[in-house]
Structure formats: structure tokens, C-alpha cells
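In these notebook entries I set down what I looked up in one structure.

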Amino acid sequence: MPSTPVLALFAALGAFCTIVFVRNKKPESRRFPPGPKPLPVIGNLCDLPFKDEAATYNKWAKEHGDLVYANVLGRHLLFVNSLQIANDLFEKRSVNYSDRNGLPMINDLMGWKWSFGHMPYGERWRKHRKMFERQFRPAMAPTYWPTQRKEAHRLIRNILETPGDLREHLRHNAGSVIMKVIYGIEIAPRGDKYIEIAEEALDGMAKVAALGAFLVDIFPLLKHVPAWVPGAGFQKKAAAWKRAVLSMRDLPFQAVQEALANGTASPCFVSRLMNDLDSEVYADDQMEIIKGCAGLAYAAGAESTASSLSSFFLAMTLHPEVQIKAQAELDAVIGPGRLPGYNDRSSLPYINAIVKEVLRWNPVAPLGLPHMVTNDDTYNGYFIPAGTTIFGNTWAILHDERNYNQPMKFWPERFLMADGKEHEMVIDPAAAAFGYGQRICPGRFMADAQIWISVACILTVFNIAPALDDNGMPVEISAKFQSAMIWSV
Ligand code: HEM
């Protein structure tokens, strides 16, 4: 005779299968978009990739079209593979397509609840977003240019000294700019305590970001299982990451508070906002919002900017002809003896085209950041249920032959007309590379300025070429696109 716990387990499993079966059974009028064939109950669970996700989702786009539907254990997933549909849903119906999924591992166990990048669409998110956007809108961008330019100069000095440490230099560059702009903190050349903590927090995020990486995101009730229960190792991992996540948010913020109290704070995102706190009544709440906005900036901005510059180096190594053209433009406009500045930008269209092509050719977030659908909807006759996780498939959109001729080719000329001026008919990759609708990246103007100044300065002083092997021959390089949430540096 089976024991009572075993019977209970079977009963629970039976109930779960029934719920999934009933949820998946749809009336004829509720037709989902096409997608890979699901199995009973588990749906497309076995089709989910655990690495290089974008490759699988792009294959689905080729097989099933611009809107692809999958179902994993009753959870609805939707992949948007065309810019037209991305605009229709994320922009025109943005009120319904701007939510985020509640991810128990990230939000509840790892302590990211304070991050507005993870917050549900609503009043609290809006307050954060408004405060953040106000500091990073286009009119504010020039405020950060001196820091970005100074750090670009430091970057080229660092690369000159130790070219073999390129990755570290790119990460240091991105981290330095953000810590200076947000907290007014100069980070140490190596082993900075704030950066080390932040990297630990982000390492955790990268490990849990893939769909289905942790079962607790599929079965949220597992979040209540205590850490000592066999198989609940995720609880211990989450607790360690949580310490890093909260330290990343709190420690630099405390440093600015102390500097403000001593009168030694330099102007920065946090000090400006703290000085502007408008009333005693809401001060605590506003301070939490400032802390949260500041804490998210490093998490959202550092890796992504470094990753773009890393793609730039790869592209230049593979395309010496692009470098030669860029350097001819720089020689003609800048001349000898100085480095480019932001005032030169409008006279350097080919450098602008390289920046656009970097964002298009190897987008930092190939699958964007998933949004969640708030209410049931219908699009082109297809049913899109509330709670659907919806991905803007940025890689597919930026490699769509309908918009970009020979999309796999790194070819900045696509953005220029025969007379060298900017081509207005070719879609700017910023339309997808920075996400969609109301959730579009609020740091995009700062990011664009930073990539631009770095690219312009690097091409002014360096020729980028593959390293040499022990026989003095160039190491063979090829572009392999692997993707997770962020294309890793
Ligand atoms: C090349 C650099 C960057 C790229 C490619 C990039 C891309 C993205 C993408 C794809 C999203 C998700 C948008 C969506 O949900 O549809 C996002 C969100 C976000 N990004 Fe960026 N980003 C970059 C740099 C930055 C920088 C420098 C900052 C801060 C200074 C920043 C702050 C944010 C924030 C706060 C969010 C969350 C927005 C929200 O959920 O409302 N990003 N970014």
C-alpha cells in the first residue's frame, strides 16, 4: 500500500496536471500564434535551450514567422520577430505590454525587488523611472561628457600599457564612468571594493537569467522550501547573492550620504537628488527611490556598455578596411595632435555609422528584457493571454533582411548615402537595441555618447589587429555569436 505522503504527492501532481491541461485547452476562437509543437502537459519544456538561447529562438522565427508562441508548463511565451509587431504591441499598446514577470528567484530570494528594472508596471515603477529619466534625458547628456571623455582617455592609456588586459580595461572604463556619474566616486585602478561587490551581484543575475534555469521560477511555491531541505541548494545560493545585491545598492549610497554630511560630496546623480529632496514628509520614500535608481545604474549600464565596446574590437579585428576608412575620416576632420571631442561628432558620420553597426551586428541584449502582458489581448486574430512573457527578439529584428541588406555583414556604409551623409531611410538600430515601449532603456543617450567617444578616441590612436601567435603569425579570429541575457564581454 502506498504511504500517505506518496498518495498526497500523486494527488498534488494530478491536480497540477489537470490545472495545466485545463489552462492549455482553449476555445477555437482563442487561437495562439504558431510555434513549436507542444507535448501534453509539459508543453515546450523540452524545446527550451539552456545555452545560446537566441540561436534557438531565431530558428523558431525562421520556421514559424514574425510572432512565435510557446508554452512551458502552462506558462505562455511569445517572441516578437519583426519591428512592425514590436511597435504595434510595445509602443501602440504599451499600457498592456510594459509589465514584468514576478521572478521568485531574482525578486524574492535574491533581493532585487528594489530594482525598477524588475518592478511590475505601476505607480512605484513610474516614480523610479521618472526620477531616473529626468537625470538621463538628452538635455542632461552633455553634463556627463567631460567624465566620459576623461575616462575614454584613461581607457586608451590603459590599453596602450597592457593590451592583453583589454576585457578588464573595458569593464573598468564602464564602471568608472557610472560610479563617477552616479556617486561621484573614483574607483581604484584594480580590485575596487564597490566594483567587486557589484560584479558578484551581477554574476548571480547572469546565472539565473535564462528561462527555466531555476525550478523555483516555474514552481513559485518552492520559494518557501527551507534551505536545509535536500535539493533546496538554490536557497543558499540566493542568500549569498542577496548579500552582494544589497551591499551593491547600499555601500556606495552610504558613502555619498557621509560625504554630504561632511560637505565633501562631489556633484553626482545621488548628491543632486538628495539636495533636492522636497519635503520632510516624503523624504524617506524619496531617499529609497534615489538609492534604488542609483543602485540599478551600475547593474544595468556597466556590463552592457563594456559588451558593446567588446563587439567593436571584434568587428575591427575582422574588418581592417572599416578601420582604414574611419581613420581617414578622423585624419581629415581632427588632424594631428588632438583627440576627438563631442563637438566633432556631427563632422564624423562614418564613426557614427560604426557605432550604429556595432549595436546592430551584435546586439548586447539579443532577446531584450522580457515584458509581461497585463490583460488578455488579440493581435492579427491571435489570442495573447494575460501573464504572457513577451520577448522582443532584438537579434532577429536587427538581422531582418527586410530592413537590412546582407544583415550578417558588418557594414557601416549601410547607414550612409553615396555623398557620405546619414541615410534617413535605414532604420536606426536604437529602435530595438535598447528595448521597447515604456521600458526602453533610459540610459541609452549616455550609453550612446560613451560608445561614440571611446570608438572615436580608440580609432584615432590605435590600429586594431589580431594578436600574434608564438610563430609571429596572426591568431585566426572568427565571430561566434553566443547569447545569454547580455552578450558577455
Ligand atoms: C550599450 C549600452 C546599453 C544597452 C544596449 C542597454 C539595453 C537595455 C535594454 C535592452 C533594456 C530593456 C528594455 C526593455 O525592457 O524593453 C534596458 C533597460 C534598462 N537600462 Fe539599459 N542599456 C545600455 C546601457 C545602459 C546604461 C548606461 C544605463 C544607466 C545609466 C542603463 C539603464 C537601464 C535601466 C535603468 C533599465 C530598466 C528600465 C525599466 O525597466 O524601466 N542602460 N537597457
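The entries below take the ligand, a pocket and a cavity in turn.

**Entry 1: the model.** I noted at the outset that I was working with a predicted model.

Entry 2: I next looked up oxygen atoms of the ligand. I found a polar side-chain atom of His 371 at 2.7 Å from a ligand oxygen atom. For Arg 129, I recorded 2.9 Å between an N or O atom of the side chain and an oxygen atom of the ligand.

**Entry 3: the shell as a whole.** I asked how many residues surround the ligand. There are 26, and the closest are Arg 100, Arg 129, His 371, Arg 439 and Cys 441. I noted that H11 gives the most to this shell, with six residues. By type, I recorded 15 nonpolar, eight polar and three charged residues in the shell.

**Entry 4: the second largest pocket.** I turned to the second largest pocket and recorded a volume of about 470 Å³. Its lining has 20 residues, and those closest to the centre are Glu 168, His 172, Pro 189, Arg 190 and Gly 191. Helices H6 (141-161), H7 (166-183) and H8 (193-208) each give two or more residues to the lining. Which helix gives the most to it? I found that H7 does, with six residues. I counted nine charged, six polar and five nonpolar residues in the lining of this pocket.

**Entry 5: the largest cavity.** A search of the whole structure gave me three cavities of 30 Å³ or more. I recorded about 80 Å³ of space in the largest cavity. Of its 13 lining residues, Met 179, Tyr 194, Ala 198, Met 248 and Pro 252 lie nearest the centre. H7, H8, helix H9 (233-262) and H11 each give two or more residues to this lining. I noted that the lining of the largest cavity divides into 10 nonpolar residues, two polar and one charged.

Conventions. Residues are numbered from 1 along each chain as its sequence is written. This is a predicted model: local features need pLDDT of at least 70, side-chain atom pairs count only at pLDDT 80 or more; totals for chains, interfaces and linings use all residues. Side-chain values use heavy atoms; hydrogens and water are left out. On a 1 Å grid over the protein atoms alone, a cavity is a set of points where a 1.4 Å probe fits but cannot get out, and a pocket is an open set with protein on both sides within 12 Å along at least five of seven lines; lining residues have an atom within 4 Å of a point. Grid points are joined across faces, edges and corners, and a volume is the space filled by probe spheres set on the points. Helices (H or I, at least four residues) and strands (E, at least two) are DSSP runs, numbered from the N terminus. Ala, Val, Leu, Ile, Met, Phe, Trp, Tyr, Cys and Pro count as nonpolar, Asp, Glu, Lys and Arg as charged, and the others, Gly among them, as polar. A residue is near a molecule or strand if one of its heavy atoms lies within 4 Å of it. A polar contact is a pair of N or O atoms within 3.5 Å; within protein, one must be able to donate a hydrogen and the other to accept it, and residues adjacent in sequence count only if both atoms are side-chain atoms.
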